[in-house]
Amino acid sequence: MSEKGQVLTANRLRDGEVVFLTRAGTWSENIDEAALAIEKEAAAGLEAQGAKAVAATLVTGAYLFDAERKDGHVRALHIRERIRTLGPTVRMDLGKQAEGTAGAFAALD
Amino acid sequence: MYRYDEFDHRFVAERVSQFRDQAARRLSGELTEEEFRPLRLMNGLYLQLHAYMLRVAIPYGTLNGKQMDRLAYIAEKYDRGYGHFTTRQNIQYNWIKLEDTAEILEKLAEVEMHAIQTSGNCIRNVTTDQWAGAAADELADPRPVGELLRQWSSLHPEFSYLPRKFKIAVTGSPHDRAAVRVHDIGLRMHLNDKGERGWEVIVGGGLGRTPFVGVTVRDFLPEAELRAYLEAIMRVYNLYGRRDNKYKARVKILVHELGKEEFQRQVEAEYARKPATNVELDVAELQRIETYFAAPAYEELPKFSTGFENARIQDKEFAQWVKVNVAHHKQQGYAIVNISLKPEGGIPGDATAEQMRVVADLGRRFSFDEIRVSHAQNLVLPHVKRDDLYTVYIALKAHNLASGNIGLAGDIIACPGLDYCALATARSIPIAQGISRRFADVKRQEEIGPLKINISGCINACGHHHVGHIGILGLDKKGEEYYQITLGGSSSDDAAIGSILGPGFAADEVADAIEKILDTYLGLRTGPEETFLLAYRRVGEKPFKEALYANH
Ligand code: SF4
């Protein structure tokens, strides 16, 4: 079973870390904690929250991407976003995959 | 090496303090991202997939041990212990924090380095032959001219907001190792009958979305007129280069839309006005700069080095490495050592902080404290005594720096691609790794002979795939990575843009496809002296197409 929707992502301003907007309105480094907006209105809501966080200089470059929830985990539909939830596929010792904040799906899953 | 004068020091220090202030204002919210973005880009700071990326300039690819040590220090202290040497002879760090950047720039300034003009629509870091000042075939060292152009183009008020970025390459050798025909401006030194230096001026080359080989607008421009003439070119470009469409804004589009004759006519007309010529000043300045690039104090050495010859007989691997990685030096008894940053299955151009320190140390001990970065993403120790080659080799080998594959199938040029780059459409590094593993056997690489494989992760072509003998371009087809192969490109004297062979391949099919291409080549070449490129030019794409697509 999977639900499809959209996740709002950005880079944290001070260090560039990839983050995802959660349901609580905070930013998490782990995509599994991201809010998945199923409806268009919900996605617009995430975008509005993102714009606020951008204005508050917490994050920069916020945008929505397509994702699905599968077995309790969130999977980005495009490989680019999956790589962002993990780190470089050629350096498994670096990035979220090495820091315990990785998404559950491999880049090529 | 060029040393900063008072002006350079002050200018770079001012830049650091300006950036410190700008970053603080961004972090406090005083500046928006739209306001800050051009400021950070002017200082080489990008936002990439996983973090900020800082691109540090290494003018004409030359640096000393202290500078390399500092690059290692930055890799360790502010990044994840490594850096990536690029096809622009620069270094990039992939995990930089905005809040650290001003401090990093300060640390760079302490060793006369910076990240200025490594991005943005300005004249970028001037690149050159990585063997400049050392190559046996060189007419003269092109770096003084590189430095003259660096000084001229740094913060030039008229050329800081060009229609698009602008890249210049210079070479002082008849054998082009600086890819001068595929730059916005390429300069190639010639000597006239009297032994005077002049420069062939090539304009409008470039890769990216619309690749072109440049056209020669002057065959022999007297050296003293170089800056003034380039100024005329820049003026014509600045005036007529398109600003409405960034894909049509490079000078190559202008040159090819106007046609060579009309472009040339406009440049000559502008040049005839002599708006900024002060030739005497240039000549004096060039002479001043040349003293910084004076040849090191070579020893008088015999042609034959017994130690070297003995080592070559005793250690076959060393002999093999020498054959492939060591080049002729202009000074008897010396050699040029090329350090491959392409170990089997490695990431092209990446070096750890420890490896940087090893190279810094070897440079200090054995190469007059000089190191070079090549546009093929390798390093060079330009002036090593033949007597010292074995010691250098052993030290390199201990740090996984002795891959003997320079100029062969394993010496793959690859951009960071989708593993790091925000603009990428597909990954490049894993493709490079796959091919590198497939052709790991040095004997096989040698049998295939000189080969340039270039990989880019998107149409921007930072991996110069158009000029690879075999070029690979990563694209996105409905969310899947796939790879287009081009054949017959070259960035050297016989510069050419490769042609697309046919439909693309999935990531896991690329190494097989390359192998088929090379097997086909081995089957049809007239002999080992007919390189892949020559054979391709003789037979065309047909046999390769048949081999690749016969069963499709
Ligand atoms: S070619 Fe494309 S993917 Fe590669 S570094 Fe350049 S912009 Fe990034």
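A: Ala, Val, Leu, Ile, Met, Phe, Trp, Tyr, Cys and Pro are counted here as nonpolar, Asp, Glu, Lys and Arg as charged, and the others, Gly among them, as polar. The model is predicted: local features need pLDDT of at least 70 and side-chain atom pairs pLDDT 80 or more, while totals for chains, interfaces and linings use all residues. Residues are numbered from 1 along each chain as its sequence is written, chains are lettered from A and ligands numbered from 1 in the order written, and side-chain values use heavy atoms, without hydrogens or water.

The whole structure holds 8 cavities of 30 Å³ or more (a cavity is a set of points, on a 1 Å grid over the protein atoms alone, where a 1.4 Å probe fits but cannot get out; lining residues have an atom within 4 Å of a point). The second largest cavity has a volume of about 120 Å³ (the space filled by probe spheres set on grid points joined across faces, edges and corners). Its lining consists of 13 residues, and those nearest the centre are B:His114, B:Ile116, B:Gln117, B:Arg150 and B:Ser154. By class, this lining divides into 6 nonpolar, 5 polar and 2 charged residues.

The largest cavity has a volume of about 180 Å³. Among its 15 lining residues, B:Tyr2, B:Pro59, B:Thr62, B:Gln67 and B:Glu112 lie nearest the centre. Strand 3 (62-63) and helix 5 (143-153) of chain B are the elements that give two or more residues to this lining (DSSP runs numbered from the N terminus: helices are H or I, at least four residues, and strands E, at least two). The class counts for the largest cavity are 9 nonpolar, 3 polar and 3 charged residues.

The second largest pocket has a volume of about 1000 Å³ (a pocket is an open set with protein on both sides within 12 Å along at least five of seven lines). It is lined by 39 residues, and B:His175, B:Arg177, B:Gly407, B:Pro450 and B:Lys452 are the closest to its centre. Helix 11 (316-325), strand 11 (326-328) and helix 17 (532-539) of chain B each give two or more residues to the lining of this pocket. That lining has 15 nonpolar, 16 polar and 8 charged residues.

Between the chains, 24 residues of chain A are in contact with 30 residues of chain B (heavy atoms within 4.5 Å). The buried area is about 2300 Å², with 59% from carbon and sulfur atoms (accessible area, 1.4 Å probe, that two parts lose on being put together, summed over both). A:Leu13, A:Arg14 and A:Val90 supply 23% of the area that chain A buries against chain B, more than any other three residues.

The interface has 2 salt bridges (a side-chain nitrogen of Lys or Arg within 4 Å of a carboxyl oxygen of Asp or Glu). A:Arg14 pairs with B:Glu99 in a salt bridge at 3.6 Å, N to O. Strand 1 (2-12) and helix 2 (79-84) of chain A each supply at least two residues of the side that touches chain B. Helix 2 of chain A gives the largest share, 4 residues. This side of chain A has 8 nonpolar, 8 polar and 8 charged residues.

Over all chains there are 61 salt bridges. One of them joins B:Arg357 and B:Glu76 at 3.0 Å, N to O. B:Arg357 is in helix 12 (residues 353-366) and B:Glu76 in helix 3 (residues 65-78) of chain B, so this pair ties together parts 281 residues apart in sequence.
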